[in-house]
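Subject: Structure handover and findings

Dear colleague,

Please find the structure and its sequence below. I would be grateful if you could read the notes that follow alongside them.

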Amino acid sequence: MKTCSKLFVLSFIFLQILKVNSQGTDSCTSNLNLKNKPLFDTSSFHCVPVWDAQGYILRYMQTDTKVWSFVLSAPSSNSFIGMGFSRDGKMVGSSAIVGWVSNDGTSTMKRYFLGGESPAEVIPDQGNLELVNLTSSIVAENSIIYMAFQLNTDMPSNRLIYSLGPNGRLPSPVNYQLSQHREHTSTFLDYYSGQSESKSPYANLRKTHGLLNMFSWGILIPVGAIVARYLRQYDPIWFYSHTTIQSLGFLLGFAGIVCGFVLEDRLGVDVDRHKTLGIFILVLGCLQVIAFLARPGKESKVRKYWNWYHYTLGRVLILLAAGNIFYGIHLGDAGTVWNVGFAITLLVFFATAVILEIRMWMTK
């Protein structure tokens, strides 16, 4: 009898654990059986996990000629959830659908335009998303919040942004101003294949642009300058090495800047400062090429002025290129690895130059 009682207690505990674990989770293998069903049919929707870290799942389908339907689910945590449609993968300038369910069961879902980074610049009831009338709903069941809506559009943006608001700080019904989100992610969704990934659009072109400019203006050009200043005793090897390295750096840098123009055109983003610096660096590079072709002989009276011009322009080019590379890493959200890697490279160049400079002065 005691054994049966123990088995009964253990079975009861096990069932309770299963019950607790079953709450607050959703998956693409489970059916969307809600008591308060969305106001449109979801039986044939594609299902994609879009943010594993926060348990976000997106169900979607084109349900009419110009109608796309979405159901976003996430664990309910007394905070708002948001889904934004962006042109370039960034929050600023995008339009979003944001929803939440209060502790008293009151549900709210609104459109927002993300005009800036501060909460005051996130404007309710604005943006370029056209909702289908009387089809939007948001409910919380089994510790999951479901946000359903339909958009009038030929094709939604495949650059999607998801956000999670701070715990216990729901927007006030007075002005519906959002608090700063505590987490967000930017993703790329292929609507036809159902593949979702945290990937920048034209990622390969971005990487090519960054690598070409970093390797050319940021590495080869400084190496060529070090060769010219500190290896003159190996004449004429230093001269041919210097011209070869600088020529290769200029050609690769030119290709990198062309990639930048193509990338800007495809993304349609505003990078005027970065682009202006890049063009100015290219102009300095062209002036260096012209200076090389028009250099006077060693015995010429103007040779010292040419040297001053050549050295000064070269140093300015290297400094501006380094700054613009760091700025480009920032604009591309490339992350700490790129910043640290390039910073270490520059530190190695600087330390090498200091050692060789000291050695040169000591041998004079």
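The notes below go from the whole chain to its core and then to individual residues.

Please bear in mind throughout that this is a predicted model.

Overall form

The protein contains 6 helices and 12 strands. Its radius of gyration is 30 Å, whereas a compact globule of 364 residues would have one near 21 Å. The C-alpha trace spans about 105 × 60 × 40 Å along its principal axes. Of the 364 residues, 38% are buried. Among contacts with a separation of 6 or more, 62% join residues 24 or more positions apart.

As for the surface, the accessible area comes to about 21,200 Å², and carbon and sulfur atoms account for 60% of that.

The largest nonpolar core

Which residues of the largest nonpolar core touch the most other members? They are Tyr56, Leu58, Phe70, Leu72, Met83, Phe85 and Tyr162, out of 26 residues in this core. At least two core residues come from each of the strands β1 (46-51), β2 (56-64), β3 (67-75), β4 (81-86), β5 (95-101), β9 (144-152) and β10 (159-164). In soluble globular proteins, nonpolar side chains tend to be buried together.

Methionine 83 illustrates how the core is connected. Leaving aside residues up to four places away in sequence, methionine 83 touches Leu58, Phe70, Leu72, Ser95, Ala96, Ile97, Met147, Phe149, Leu160, Ile161 and Tyr162. Of these partners, Leu58, Phe70, Leu72 and Tyr162 are also among the core residues that touch the most other members.

A buried asparagine in a helix

Asparagine 213 belongs to helix α2, which covers residues 203-230. Is this asparagine buried or exposed? Asparagine 213 counts as buried because its relative accessibility is 10%, and the cut-off for that class is under 20%. Apart from residues up to four places away in sequence, asparagine 213 is in contact with Gly218, Gly253, Gly256, Ile257 and Ile325.

Backbone features in the loops

Several loop residues deserve a separate look.

- The peptide bond from aspartate 235 to proline 236 is cis, with omega near 5°. Proline 236 sits in the loop between α2 and α3 (237-267).
- Leucine 134 is not a glycine, yet it has a positive phi of about 60°. Leucine 134 is located in the loop between β7 (122-124) and β8 (137-141), and at 79% relative accessibility it counts as exposed.
- Tyrosine 176 likewise has a positive phi, of about 55°, although it is not a glycine. Tyrosine 176 is placed in the loop between β10 and β11 (183-190). With a relative accessible area of 24%, tyrosine 176 is partly exposed.

Alanine 53 lies in the loop between β1 and β2. Alanine 53 is classed as exposed because its relative accessible area is 67%, and that class begins over 50%. How far apart are the C-alpha atoms of alanine 53 and threonine 185? They are separated by 9.8 Å, although the two residues stand 132 residues apart along the chain.

With kind regards

Terms used:
Residues numbered from 1 in each chain as written. Predicted model: local features only at pLDDT ≥ 70, side-chain atom pairs only at ≥ 80, totals over all residues. Heavy atoms only, no water. Core = buried A, V, L, I, M, F, W, Y, C linked by side-chain atoms within 4.5 Å. Buried < 20%, exposed > 50% of the residue type's maximum accessible area, 1.4 Å probe, protein only. Helix = DSSP H or I, 4+ residues; strand = E, 2+ residues; numbered from the N terminus. Contact = heavy atoms within 4.5 Å. Rg over C-alpha atoms; globule rule 2.2 N^0.38 Å. Areas by Shrake-Rupley, 256 points an atom, 1.4 Å probe, with all protein chains shown as cover.
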